[in-house]
Amino acid sequence: MTTDEIRSELFRLQDKEYRDFQSKLIPTVDPESVIGVRTPALRRLAKQLSGEADIAAYLELLPHMYFDENQLHAFILSGMKDFAGCLAAVERFLPYVDNWATCDQMSPKVFKKHRTELLEAVRRWIASGQTYTVRFGIGMLMEHFLDEDFDPGYPELAAEIRSEEYYVRMMLAWYFATALAKQYDSVLPCIEQRRLDAWTHNKAIQKAIESCRITPEQKEYLRGLKVRKCQQIK
């Protein structure tokens with residue numbers, strides 16, 4: 001399909017009620033750029049397009065005009081099977097990601113098989129200073145490096161991130177809450193030592209306490225580590 005044909009297909013799949021609902025969830029995106037295609041339909045279209053010979057040309061046509069095109073782009077990348085090609089395409093796309101939804105829904109399956117190379121990219125992304133590139137890097141650190149490939153140095157890497165951007169701080173809180181659920185003893189020192197800014201520190205504890213994977217005893221201890229307004233975290 002050409003770009004115009006893909007866009008026409010997206011409008012054919014449009015759900016206006018869903019568009020109006022979705023627009024409220026992504027405040028950084030111009031509502032006029034939201035077509036309103038539901039995620040299952042986007043995934044099906046991405047799978048269909050991934051097998052077409054000219055899809056590479058479409059992926060290079062950036063920036064896209066519509067939010068749904070960015071979503072489609074993210075899903076196509078998520079299904080790519082060649083690691084080097086996928087990584088290059090992700091790095092080309094990241095500067096154009098302008099919202100949390102596209103950022104968080106982009107999760108290439110092939111990354112799981114190439115964690116050593118992925119870690120090098122994660123370090124670049126979190127050091128980029130670009131809101132959604134940093135958020136994506138934290139997300140990949142959370143998705144791929146909290147289980148069998150965990151190292152205590154990874155939460156330390158995340159704890160060094162400083163940002164005033166809400167969507168970076170929220171992802172950091174999500175990362176540490178998940179890390180506490182999966183690697184409690186190794187990650188707890190970052191919370192005890194107050195390595196995060198006060199807002200992120202408290203939000204991470206809040207999210208951890210809401211998790212069913214944290215024991216009642218751990219939740220009680222974490223409550224006692226919350227920072228009060230009169231306290232400061234460097």
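This is a predicted model: local features need pLDDT of at least 70, side-chain atom pairs count only at pLDDT 80 or more; totals for chains, interfaces and linings use all residues.
The protein chain contains 14 helices and zero strands. Read from the N terminus, its elements run α-α-α-α-α-α-α-α-α-α-α-α-α-α. The radius of gyration is 19 Å, close to the 17 Å given by the globule rule for 234 residues, so the chain is as compact as a globular protein of that length. The C-alpha trace spans about 55 × 40 × 30 Å along its principal axes. Of the 234 residues, 51% count as buried. Among contacts between residues at least 6 apart in sequence, 70% join residues at least 24 apart.

In soluble globular proteins, nonpolar side chains tend to be buried together. In the present model, the largest nonpolar core has 76 residues. Phe111, Trp125, Tyr175, Phe176 and Leu222 are the residues with the most contacts inside this core. Helix α11, residues 166-182, supplies the largest share of the core, 11 residues. The surroundings of Phe176 were examined separately. With residues up to four places away in sequence not counted, Phe176 touches Pro155, Ala158, Ala159, Val187, Cys190, Leu196 and Ala204.

Helix α8 covers residues 115-126 and helix α9 covers residues 131-144; the two pack at an angle of about 145 degrees, and their axes are 8 Å apart. Their crossing is left-handed. On the α8 side, the contact is made by Arg115, Leu118, Leu119, Val122, Trp125 and Ile126. On the α9 side, Thr133, Val134, Phe136, Gly137, Ile138, Met140, Leu141 and His144 take part. By class, the residues of this contact comprise 10 nonpolar, three polar and one charged. Trp125, a member of the α8 side of the contact, is also one of the residues with the most contacts inside the largest core.

His144, found in helix α9, counts as buried because its relative accessibility is 6%. Leaving aside neighbours within four places in sequence, His144 is in contact with Phe111, Lys112, Arg115, Leu118 and Asp149. Of these partners, Arg115 and Leu118 belong to the α8 side of the helix contact, while Phe111 is among the residues with the most contacts inside the largest core.

Tyr184 lies in helix α12, which covers residues 184-192. With a relative accessibility of 13%, below the 20% limit, Tyr184 counts as buried. Leu222 is another of the residues with the most contacts inside the largest core. Tyr184 and Ile214 are 30 residues apart in sequence, and their C-alpha atoms are 8.6 Å apart in space.

Arg19 is located in helix α2, residues 16-23. At 23% relative accessibility, Arg19 counts as partly exposed, a class that lies between the limits of 20% and 50%. Its contacts, leaving aside neighbours within four places in sequence, are with Gln14, Val34, Ile35 and Gly36. Arg19 and Pro40 are 21 residues apart in sequence, with a C-alpha to C-alpha distance of 14 Å.

Conventions
Residues are numbered from 1 along each chain as its sequence is written. Side-chain values use heavy atoms; hydrogens and water are left out. Axes are lines fitted to C-alpha atoms, for helices over the stretch in contact, and angles run from 0 to 180 degrees between N-to-C directions. Helices (H or I, at least four residues) and strands (E, at least two) are DSSP runs, numbered from the N terminus. A crossing is left-handed if the near helix is turned anticlockwise from the far one by less than a right angle, and right-handed if clockwise. Contact means heavy atoms within 4.5 Å. Ala, Val, Leu, Ile, Met, Phe, Trp, Tyr, Cys and Pro count as nonpolar, Asp, Glu, Lys and Arg as charged, and the others, Gly among them, as polar. A nonpolar core is a set of buried Ala, Val, Leu, Ile, Met, Phe, Trp, Tyr and Cys residues joined through side-chain atoms within 4.5 Å. Buried means under 20% relative accessible area, exposed over 50%, partly exposed in between (1.4 Å probe, protein chains only). The radius of gyration is taken over C-alpha atoms; the globule rule is 2.2 Å times the number of residues to the power 0.38.
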